[in-house]
Amino acid sequence: MALFEIRSLRKQFNDHQVLKGVDLDVMEGEVKVVMGPSGCGKSTLLRCLNRLVEPCAGSIRFRGEEVTGSGVNVRALRQQIGFLFQQFALYRHLTVLDNTTLALRKLKGMKKQDAAERALHELDRLDMAGHAHKHPAHLSGGQKQRVALARALAMDPAVILLDEPTSALDPVMAREVAQLIRKLHSERVTMLCVTHDVEFASAIAERVTFLNQGLVQAEERLCVLQNNHEHPAIREFFMTEKRTP
Ligand SMILES: Nc1ncnc2c1ncn2[C@@H]1O[C@H](COP(=O)(O)OP(=O)(O)O)[C@@H](O)[C@H]1O
Ligand SMILES: [Mg+2]
C-alpha cells in the first residue's frame with residue numbers, strides 16, 4: 001500500500017517555480033531514494049510532505065488522506081513523520097537522553113520515566129545507549145546522526161524523511177549510517193531519503209528517483225542512471241559525482 005501518493009505537486013517561491021508537477025509514490029516498508037542536482041527542489045519536496053512548506057497546487061495523500069489544504073491536523077501529521085536533517089539538529093545543551101525524550105514528553109505527553117525507557121530502547125537499538133548521558137559535543141558526526149535517528153524512531157513514526165543525512169559525515173561514518181538504514185529497512189521502517197551521495201544511495205536502495213528542474217526525470221536502477229544515461233542532466237550529475245573526491 002502507498003504511504004504517500006504525491007500527484008502534480010507544485011511549489012513556487014515568488015515567481016520561482018521549484019516543483020513543477022511532481023508525481024511520486026512511497027510504499028509501506030520501502031526505502032525510496034531521491035537524487036538530483038543542487039537546487040532542483042529535493043528539500044522543498046520533503047518539506048511539503050509534513051507541511052513545513054505549503055505547496056501551491058497538487059495533492060499529497062498520506063495513508064489515503066489528503067494532507068494539503070486547510071482543515072488538516074498538522075501537529076498530528078508531523079507526529080507520524082520523522083525528519084532527519086543534514087546537521088543533526090540536536091540541542092547542544094541537552095544530553096543524548098534528554099534530546100531523545102524531549103518530543104516524547106512535549107508532544108506525546110509521556111511521563112519522564114516512561115519517556116526515558118522508550119528513548120533508551122531506541123538508543124540501544126542503534127548502539128547509542130552507552131552514550132545516553134553525554135552531550136552532543138562529545139559525539140562523532142556518525143554518533144550524532146544515530147541519536148537523531150533514535151529520536152525520530154522513538155516517536156514511532158509511519159515514515160522517516162532523511163534530507164542529505166550523510167553530507168556532514170566522512171565516508172566511514174556515512175557507511176555506518178547506510179548500515180543502520182539497511183537494518184531499519186529489514187525491520188520494515190519506511191524511509192524517503194534525499195541524497196547526492198552515490199555510494200550511500202547504492203548502499204541503501206537499488207532504484208533511484210531522479211529529480212531535475214522540479215520534475216521526476218527518471219525512476220530507474222542506480223546502475224542504469226550512472227551508465228551514460230540518455231538524459232543530459234542525469235549524465236552530467238553522475239559525471240560530476242565521479243570527479244568529486
Ligand atoms: N523558503 C524559500 N524561499 C525562497 N526560495 C527558496 C526557499 N526554499 C528553497 N528555495 C529555492 O528553491 C530552490 C530549490 O531549493 P531546495 O529544495 O532546497 O533544493 P535542493 O534541496 O534540491 O538543493 C532553490 O533555488 C532555493 O533557493
Ligand atoms: Mg536540499
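Where is Ser 8 found? Ser 8 sits in strand 1, residues 2–13. Let me start there and work through the rest.

Some ground rules. This is a predicted model: local features need pLDDT of at least 70, side-chain atom pairs count only at pLDDT 80 or more, and totals for chains, interfaces and linings use all residues. Residues are numbered from 1 along each chain as its sequence is written, chains are lettered from A and ligands numbered from 1 in the order in which they are written, and side-chain values use heavy atoms, with hydrogens and water left out.

Back to Ser 8. Ser 8 counts as partly exposed, at 39% relative accessibility. Buried means under 20% relative accessible area, exposed means over 50%, and partly exposed is in between, with a 1.4 Å probe and protein chains only. Which residues does Ser 8 touch, not counting residues up to four places away in sequence? They are Gly 21, Val 22, Asp 23, Ala 57 and Gly 58. A contact here means heavy atoms within 4.5 Å. Take Gly 21: 13 residues from Ser 8 in sequence, and 3.8 Å from it in space, C-alpha to C-alpha.

Follow the chain to Asn 14. Asn 14 lies in the loop between strand 1 and strand 2, which covers 16–27. Its phi is near 50°, a positive value in a residue other than glycine. Most residues other than glycine have a negative phi. Asn 14 is exposed, at 75% relative accessibility.

Now the whole protein. How many helices and strands are there? There are 9 helices and 10 strands. Both are DSSP runs, numbered from the N terminus: helices are H or I with at least four residues, strands are E with at least two. The C-alpha atoms fill a box of roughly 55 × 45 × 35 Å, taken along the principal axes. The radius of gyration is 18 Å, which agrees with the value near 18 Å for a compact globule of 245 residues. That radius is taken over C-alpha atoms, and the globule rule is 2.2 Å times the number of residues to the power 0.38. Buried residues make up 50% of the 245. Among contacts with a separation of 6 or more, 66% join residues 24 or more positions apart.

Next, helix 1, residues 42–49. Helix 1 is largely enclosed by the rest of the structure, because 6 of its 8 residues are buried. Those are Lys 42, Thr 44, Leu 45, Leu 46, Cys 48 and Leu 49. Just after helix 1, Arg 51 takes a positive phi of about 65°.

On to the largest pocket. Its volume is about 600 Å³. Of the 21 lining residues, the closest to the centre are Ile 81, Phe 83, Ala 103, Leu 107 and Arg 151. On a 1 Å grid over the protein atoms alone, a pocket is an open set of points where a 1.4 Å probe fits, with protein on both sides within 12 Å along at least five of seven lines; lining residues have an atom within 4 Å of a point. Grid points are joined across faces, edges and corners, and the volume is the space filled by probe spheres set on them.

Which element supplies the largest share of the lining? Helix 3 does, with 4 residues. Helix 2 (74–79), strand 6 (81–84), helix 3 (96–106) and helix 5 (141–154) each supply at least two.

Stay with helix 3. Its buried residues include Val 96, Leu 97, Asn 99 and Thr 100. Helix 4 (112–125) and helix 5 are among what covers the buried residues of helix 3. Thr 100 is buried, at 1% relative accessibility. Leaving out residues up to four places away, Thr 100 touches Ala 119, Leu 123, Val 147, Ala 150, Arg 151 and Ala 154.

Past helix 4, look at Asp 127. Asp 127 is in the loop between helix 4 and helix 5. Its phi is near 60°, again positive in a residue other than glycine. Asp 127 is exposed, with a relative accessible area of 61%.

Last stop, Val 159. Val 159 is in strand 7, residues 159–163. Is Val 159 buried or exposed? Val 159 is buried, with a relative accessible area of 0%. Beyond neighbours within four places in sequence, its contacts include Leu 3, Phe 4, Phe 62, Ile 81 and Met 191.
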